[in-house]
Amino acid sequence: MLQPQLDAFLAAHEDELIAFRRDLHMHPELGYAEHRTTRKLAERLRAAGLRPVILPKGTGLFCDIGPADGTTVALRADIDALPLQDEKEKAPYRSTVPGVAHACGHDVHTAMVLGAGLFLAQQAEAGLLPGRVRLLFQPAEETPGGALDVMAAGGIVGVDRAFALHCDPRIEVGQLGLRTGPITAACDKVYVKVTGPGGHTARPHLTADLVYALAKIVTELPSALSRRVDPRSSLSLVWGRVSAGSVANAIPDDGIAEGTVRCLDDDAWHRAPEMMKALLQSVAAAYDVEASLEYVRGVPPTVNEAASVQMFRDAAAQVIDEEGVVPTPQSLGGEDFGWYLESIPGALARLGVRTPGSPGEYDLHRGDFDVDERCLAVGVRVLSATALTALWEGGRPGDAEPIEGAALA
């Protein structure tokens, strides 16, 4: 059975994985600077007899486990940190790098995928892996762009399904949050520049009243854009910066507005740039100003495939319990795991990291974010069982017989 095998593995390795996570937490690295993290991972994987492949830019890697024939399943972790100050004054593993912290749990994700990989390598040696598992240790999720680098390097070539876990401080340790369909949102950035002839505020009729036009653009675009798509897509344009002029009695000749577009629907996300460009030109023309749009793609929505979510559910029933699976809401946060799921089926699940019964709650992207480290063992169990469930195409991997001719560990 799978559960006793995982129990034995974690009895031998859980302390090591916690120490590995703490080491990463103390030495966080920003996107595309994860050289130490990459080196540590490569060293540990090589020590287990595996052959990691470092990505061309020098940070991040992928590593195959098991035979190349049959189904291939990917487990993904993100390895970068955030440009935030670690505010956990009493934690012995507090960040030693000023202004940089693992405030989103990527150190936890990395340690869990490493642990699952080490366990699955044992399974492969014992002839209990009927296909291949590819570990993806991705750089620059927060930048973003790391997922695209993995894909450009061939990291998902031949992969049939991909799975990932993300820390969720709203869910207690021992629980897994699942959702079919969109679970995170697309997140893009937009830059609007408005230009026109400047002039005196006493004679706005002799010029283009640029500030008024910019105000109309800022107020009308979000409303008009939301009415051009199905409201269930949750397409949302929110401005974060608006600037024009420097004195009270002069109409400026340019102004800018910057914001983000978030969306839960993949089709609406693909249509958003052209819709926004057309609406912008329509509003600008009414006030005789010129408007240009720079639309910067961020990440697509992460859309969980139903069959992959069921594999998470079936795996969790084996290694935690059915009551441990809880529904999780959609989020308007971005996650570049969505890039993988545009090409292959898969699912992202939420892993509970909050101490059961704890009155406090640490949110993501905060300097005081931390986890109950018992979540590491839960994550290793869930990822390992999910990979095996996917490889056995929904069978009971723990009941499998060794592959003929394989060595037993």
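**Ground rules.** I am working with a predicted model, so local features need pLDDT of at least 70, side-chain atom pairs count only at pLDDT 80 or more, and totals for chains, interfaces and linings use all residues. Residues are numbered from 1 along each chain as its sequence is written, and side-chain values use heavy atoms, with hydrogens and water left out.

**Confidence.** I looked up pLDDT (the predictor's confidence in each residue, from 0 to 100). The protein's mean is 93, with 96% of residues at 70 or more. For residues 394-409 I found pLDDT below 50, yet the model gives this stretch 32 contacts (heavy atoms within 4.5 Å) beyond near neighbours in sequence.

**Largest pocket.** I use a 1 Å grid over the protein atoms alone; a pocket is an open set of points where a 1.4 Å probe fits, with protein on both sides within 12 Å along at least five of seven lines, and lining residues have an atom within 4 Å of a point. The largest pocket holds about 710 Å³, taken as the space filled by probe spheres set on the points. Its lining has 30 residues, and closest to the centre I find E142, R262, G333, G334 and H365.

**Aromatic pairs.** I count rings of Phe, Tyr and Trp (its six-membered ring) as a pair if their centres lie within 6.5 Å; planes under 30 degrees apart are stacked, over 60 edge-to-face, the rest tilted. That gives five pairs. F9 and F119 are edge-to-face because their planes sit at 70°, with ring centres 5.6 Å apart. F9 is in helix α1 and F119 in helix α3, 110 residues apart; helices here are DSSP runs (H or I, at least four residues), numbered from the N terminus.

How values were computed
Helix = DSSP H or I, 4+ residues; strand = E, 2+ residues; numbered from the N terminus.
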